[in-house]
Amino acid sequence: NQPITFIGGCPGAFESFASYDIGSTISSDGIVYECINLFCGSLELVPGATESSDWKVVGSCNGTIAPTSTTSTVPSIMATETPSTLPTVAPIDSTVAPSANPTPSPSKVPSPNPTLQLSAIPSANPTP
């Protein structure tokens, strides 16, 4: 066995059934673990509780990790408790728009590009 190296502040605590990516680090009882398997969040795979090939001991820790002074440009995978104050980018407008000048007497020939809009007035001669 190798001695455990002190790495500083602790990352977030382990949560059963949470989603952990390979490479994620968590802490449990002052020990830092790194996820090395796809099933790290499973209830049976609590780090340190059993011999597991899902978590690797990285070191020991105390307290919390100090916040960084710079912001990340990479989106977070985890949902936040506080919603963003920045507006969402506007959705893309639909390319299908109703005609400004509908045809008063439509032809009986089907359109090669029919629309999916329903008519407010029922047809006099519905198709069976």
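Colleague: Is D29 buried or exposed?
Modeller: In this predicted model, D29 is exposed, with a relative accessible area of 81%, which is above the 50% cut-off for that class.

Colleague: And where is D29 found?
Modeller: D29 belongs to the loop between β1 and β2, and although D29 is not a glycine, its phi is positive, at about 55°. Most residues other than glycine have a negative phi.

Colleague: Which segment does F17 lie in, and what is its phi?
Modeller: F17 is not a glycine either, yet it has a positive phi of about 65°, and F17 sits in the segment before β1, the strand that covers 25-28. F17 is exposed as well, with a relative accessible area of 63%.

Colleague: Switching to the sheet, what is the order of its strands?
Modeller: The sheet is open and has 3 strands in the order β1-β2-β3, with antiparallel pairing. β1 and β3 (55-60) each have a single partner strand and stand at the edges, so one side of each is left without a neighbour in the sheet. Direction ignored, neighbouring strands of this sheet are turned by 35° against each other on average.

Colleague: How many bridges join β2 and β3?
Modeller: β2 and β3 pair over 5 bridges in the antiparallel sense, and C35 stands opposite W55 in β3.

Colleague: Which residues make up the largest nonpolar core?
Modeller: That core has 10 residues in all, among them F14, Y20, I31, Y33, C35 and W55.

Colleague: Which strand gives the most to this core?
Modeller: Strand β2, residues 31-35, gives the most, with 3 residues.

Methods:
Residues numbered from 1 in each chain as written. Predicted model: local features only at pLDDT ≥ 70, side-chain atom pairs only at ≥ 80, totals over all residues. Heavy atoms only, no water. Core = buried A, V, L, I, M, F, W, Y, C linked by side-chain atoms within 4.5 Å. Buried < 20%, exposed > 50% of the residue type's maximum accessible area, 1.4 Å probe, protein only. Helix = DSSP H or I, 4+ residues; strand = E, 2+ residues; numbered from the N terminus. Pairing = 2+ DSSP bridges. Axes fitted to C-alpha atoms, helices over the stretch in contact; angles between N-to-C directions.
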